Amino acid sequence: NFLTQVSSGASQLLRRFNLPMLIWIFRPFLTVFWFIMLRIWTAFPVIGAAGGLFAGFRKVIQPWMDDRKANADWERQREHESEMAEDKDTRTMNDFEDLSGDARKYFFRHREKILRSLSGQYDHSEGDFDWYADWQAWARQQWEKQQAHQQTYQQTYQQTYQQAYQQHQQQQQQYRQQTQPKDEYKWPFNPSDPYSVLGINRNATDKEVSNAFRKEMLKYHPDTQPNASDAQKRRSTERSKLISDAYRKIKAERKG
């Protein structure tokens with residue numbers, strides 16, 4: 001064949017010419033081949049080739065794989081829906097679900113007597129074995145447990161809701177108090193002058209200062225005005241603060 005002829009020709013060529021002579025003959029061709037390969041390598045660097053392969057994967061292979069996966073998911077969803085529809089059709093005649101397993105245990109404990117009653121040997125509510133009354137008692141007990149559980153859940157929910165509502169109201173009230181703008185009052189005295197606040201002159205004695213402080217506090221303290229409105233109480237509170245601050249400043253000044 002062709003490969004055999006090529007190998008035999010190469011063998012004859014090697015026997016006729018030695019290796020250095022063959023290298024010298026094919027050196028121009030090898031130089032041209034190396035130059036061509038070098039130009040191809042510089043024109044298409046490795047990073048560019050890798051980027052091209054990645055782009056090809058994202059544009060061609062990955063969409064194909066996603067389409068295959070979507071088709072498989074769709075088929076599984078259709079099978080699941082058909083199985084659910086079949087289960088729904090078969091459960092229409094027997095829709096009782098024993099989630100706790102108590103009914104199954106009760107049946108196996110009284111299986112023989114229940115089957116005899118169902119076969120007609122005993123009446124459901126009469127005869128030697130009144131299993132129907134026992135079943136009614138069990139059903140009543142289960143219903144009472146369920147009602148008690150629901151009542152406990154409702155009470156817990158109401159308590160939690162009331163606590164959360166009260167906490168929210170308290171937070172809103174605190175926020176309103178913090179953001180409520182302070183009232184600006186006009187006083188018949190100079191707030192920056194402690195003697196003017198107490199209504200005395202600067203030559204007053206310590207006793208006169210103390211008497212003026214008590215007089216002003218008894219007159220303007222909010223606790224001495226139970227019938228005052230909220231606005232009046234706020235004004236009295238601010239004036240009481242000014243009176244206390246003025247008395248403290250005078251005492252500190254005279255001690256110093």
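Visitor: What distance between its end C-alpha atoms should the 26 residues of H9 span, and what does the model give?

Guide: This is a predicted model, in which local features need pLDDT of at least 70, side-chain atom pairs count only at pLDDT 80 or more, and totals for chains, interfaces and linings use all residues. Residues are numbered from 1 along each chain as its sequence is written, and side-chain values use heavy atoms, with hydrogens and water left out. Helices are DSSP runs of H or I with at least four residues, strands are E runs of at least two, and both are numbered from the N terminus. The expected span is 1.5 Å times one less than the number of residues, so the 26 residues of H9 should span 38 Å, in agreement with end C-alpha atoms that are 38 Å apart.

Visitor: Which helices do the buried residues of H9 pack against?

Guide: Buried means under 20% relative accessible area, exposed over 50%, and partly exposed in between, with a 1.4 Å probe and protein chains only. In H9 the buried residues are Ser 236, Arg 239, Ser 240, Ile 243, Ala 246, Tyr 247 and Ile 250. Judged by contact (heavy atoms within 4.5 Å), these residues pack against H7 and H8.

Visitor: Which backbone oxygen does the side chain of Gln 225 reach?

Guide: Gln 225 lies in the loop between H8 and H9. Not counting residues up to four places away in sequence, Gln 225 touches Lys 219, Tyr 220, Lys 233 and Ser 236. Its side chain reaches, at 3.1 Å, the backbone oxygen of Lys 219.

Visitor: How is the pair of Phe 107 and Phe 108 classed?

Guide: Rings of Phe, Tyr and Trp (its six-membered ring) pair if their centres lie within 6.5 Å; planes under 30 degrees apart count as stacked, over 60 as edge-to-face and the rest as tilted. Phe 107 is partly exposed at 29% relative accessible area, and Phe 108 is partly exposed at 45%. With 5.5 Å centre to centre and 75° between the planes, the pair of Phe 107 and Phe 108 is edge-to-face.

Visitor: How is the pair of Tyr 157 and Tyr 161 classed, and why?

Guide: Tyr 157 and Tyr 161 are 4 residues apart in helix H6 (residues 131-179), and so are separated by about one helical turn. Both Tyr 157 and Tyr 161 are exposed. Because their ring centres are 6.5 Å apart and their planes are at 20°, the pair of Tyr 157 and Tyr 161 is stacked.

Key. A polar contact is a pair of N or O atoms within 3.5 Å; within protein, one must be able to donate a hydrogen and the other to accept it, and residues adjacent in sequence count only if both atoms are side-chain atoms.
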